[in-house]
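Me: I am new to this structure and would like to go through it step by step. Could we look at it together?

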Amino acid sequence: MDKSAERAGFERGAAYGERAGQTIGLAQAAKNDPDLVRGLAACLAHAAFVAPDRIAEIYDEAAEGWRGRAVTAAPIQAETAMPELLWEPFWADFWRLVDDAAKGMGAGEITTRTASLASHLSPGFQTRAAAACRRYPGVNAAAQSGFPPRFKLEALAASPEGSLGHELYRLIVDNGYDLEVLDRDTLHLTRLPPPLDYLNARILQSHDLWHIVAGYRTTKLHEIALSAFQLAQFGHNYSAMFLSVVVTTAAFHTPAAITLLLDTIFSAWTHGRETSPLMGIEWEREWHFPTEAIRQLHFITPYDSPYPAEIIEMFEAA
């Protein structure tokens, strides 16, 4: 099959997806047949760009088929709505991003270009994504607290050594990170429909915090894993888009990496679904507690990574 035909087949799969209940079998088969991995990648693209209300259904089924056990969390129901449409300008930018990512690309450029794909999505997509997020545990209650104020670096610096606040302070300062991953004002987050306004602002400021409390390292593999955890926690649509780009890039350019990626993504998705909701935790009231005490308080088990966190960096250095 030539390249154009393979991509056209992927586009059809992304547009229509699989019927409910069928992704389990596809994931089971894809684990043993590399030729089916692109079909599974198309299902993840369908969830990310066409039917955001089906994210939980598709990822729960894919994780069960790939890992051999069901996710032990209450199902998140999807609406029986027609898929949103994808037009040629979307696919042109999507394939350029996939091809360029395969050649090597910095995290900042991947973030920007993945986010820009949203400009090609259907006018109804954002409303549908907002409604989908409301079905995730803890989202509605968290969003009712109002648009989140910014974290204060001074408060973190004043936290005692050994506390969550101190650990976050050291992570930010020692690595030269921003206190929020991206600037909320530049992104005009207040213009998003609720609860997307709250959710996107809160995860920008909580991303590095979740690294700590949920047990994800700040390595390339664990950034992918944390995206799956975030997606499972509240249906974060950027994470769905990012994971779709990552998996599609591997499926078309580096199939030897597929097992590593999908083992990681589906284990982190399962971790996120089986962890109590983090979105509504008032972290600002808990800076002075030790991280382990906060984990026990909120029933958070650290991520059990199937591979060494630094494995991608190890391959790149070899």
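Me: What share of the contacts in the protein chain with a separation of 6 or more comes from residues 24 or more positions apart?
Reply: In this predicted model, such residues account for 77% of those contacts.

Me: How many helices and strands are there in the protein chain?
Reply: The protein chain has 16 helices and zero strands. Its radius of gyration is 19 Å, close to the 20 Å that the globule rule gives for 318 residues, so the chain is as compact as a globular protein of that length.

Me: And what does the C-alpha trace span along its principal axes?
Reply: The span is about 60 × 45 × 35 Å. Of the 318 residues, 50% are buried.

Me: Turning to helix H2, which of its residues are buried?
Reply: In H2, residues 23–32, the buried ones are Thr23, Leu26, Ala27 and Ala30. Viewed down the axis of H2, they fall within an arc of 95 degrees, so they line one face of the helix.

Me: Why would that spacing work?
Reply: An α-helix has 3.6 residues a turn, so residues three or four places apart point the same way.

Me: What do the buried residues of H2 pack against?
Reply: They pack against helix H3 (37–49) and helix H4 (55–67).

Me: New topic: at what angle do H1 and H5 pack?
Reply: Helix H1 (residues 3–16) and helix H5 (residues 88–103) pack at about 115 degrees, and their axes are 12 Å apart. Their crossing is right-handed.

Me: Which residues make that contact?
Reply: H1 contributes Lys3, Arg7, Phe10, Glu11 and Ala14, while H5 contributes Trp91, Phe94, Trp95 and Asp99. Five of these residues are nonpolar, four are charged and none is polar.

Technical notes
Residues are numbered from 1 along each chain as its sequence is written. This is a predicted model: local features need pLDDT of at least 70, side-chain atom pairs count only at pLDDT 80 or more; totals for chains, interfaces and linings use all residues. Side-chain values use heavy atoms; hydrogens and water are left out. Axes are lines fitted to C-alpha atoms, for helices over the stretch in contact, and angles run from 0 to 180 degrees between N-to-C directions. Helices (H or I, at least four residues) and strands (E, at least two) are DSSP runs, numbered from the N terminus. A crossing is left-handed if the near helix is turned anticlockwise from the far one by less than a right angle, and right-handed if clockwise. Contact means heavy atoms within 4.5 Å. Ala, Val, Leu, Ile, Met, Phe, Trp, Tyr, Cys and Pro count as nonpolar, Asp, Glu, Lys and Arg as charged, and the others, Gly among them, as polar. Buried means under 20% relative accessible area, exposed over 50%, partly exposed in between (1.4 Å probe, protein chains only). The arc is that of the directions from the helix axis to the C-beta atoms. The radius of gyration is taken over C-alpha atoms; the globule rule is 2.2 Å times the number of residues to the power 0.38.
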